[in-house]
Amino acid sequence: MWLLAARILMFLACAALPAGAVSSGAAPAAGVEDSARALDFITPNRQQQAKDFNVATLEGGKLRLADLKGKVVFLNLWATWCDPCKEEMPAMERLWQRYKGQGLVVIALSMDSAGAKVVKPFIEQGKYTYRVALDPKMEIAQLYGARSVPSTFIIDRSGVLRAIALGPRDWDGRASVAYFEGLLKDGKQGG
């Protein structure tokens, strides 16, 4: 009974959204929308460009969001002391390995105040190969309004913030695979 009530409420909530609420120029494929709902993503009510940032990488270089235009960006805010963050990181690695050749960029942005000295051993031990950046003063977390970890922000090829995930997800599960395949394909068709 509760499941039926929840589905009815979800239908009514979706029906009440303004037309094009998750649009980035071209309407996203139905599979992307369905997968976003299955993943319990928060989708912005209006199209908005993701806020640019410039952060230090674990290797000592710089990473700027604007330089990634044309890629689908998976921006994950996390910390080494966050157990749910640690649980989802292997699935993030598998997602990255599956789609890195198709234009997906995974960025794990650490909010550890101790910075590289605690992040580097953790990343090396887990053998994670996606990009890792540092936000020890939580400036990017504040810029994006993140109040918890993990928080993930998904940005399409044109730099539009498409979805927000609060809390961990099964990033290489069926719904996630469908979501990213649709988003990566959508961007190729739209230019």
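This is a predicted model: local features need pLDDT of at least 70, side-chain atom pairs count only at pLDDT 80 or more; totals for chains, interfaces and linings use all residues.
Local features are reported only at pLDDT of at least 70 and side-chain atom pairs only at pLDDT 80 or more, while totals for chains, interfaces and linings use all residues. Residues are numbered from 1 along each chain as its sequence is written, and side-chain values use heavy atoms, with hydrogens and water left out.

The chain holds six helices and seven strands, taken as DSSP runs (H or I, at least four residues, for helices; E, at least two, for strands) and numbered from the N terminus. In sequence order they read α-α-β-β-β-α-β-α-β-α-β-β-α. Of the 191 residues, 47% are buried, that is, under 20% relative accessible area with a 1.4 Å probe, protein chains only. Looking at contacts (heavy atoms within 4.5 Å) between residues at least 6 apart in sequence, 73% join residues at least 24 apart.

On to the rings. Rings of Phe, Tyr and Trp (its six-membered ring) pair if their centres lie within 6.5 Å; planes under 30 degrees apart count as stacked, over 60 as edge-to-face and the rest as tilted. That rule gives eleven aromatic pairs. In one of them, F74 and W171 have ring centres 4.7 Å apart and planes at 85°, so this pair is edge-to-face. F74 sits in strand β3 (residues 72-78) and W171 in the loop between β7 (161-166) and α6 (174-190), so the pair ties together parts 97 residues apart in sequence. Both F74 and W171 are buried. Y128 and Y130, with centres 5.6 Å apart and planes at 20°, are therefore stacked. Y128 is buried at 14% relative accessible area, and Y130 is buried at 3%. Finally, F74 and W171 belong to one aromatic cluster with F41, Y179 and F180.

How values were computed:
Buried means under 20% relative accessible area, exposed over 50%, partly exposed in between (1.4 Å probe, protein chains only).
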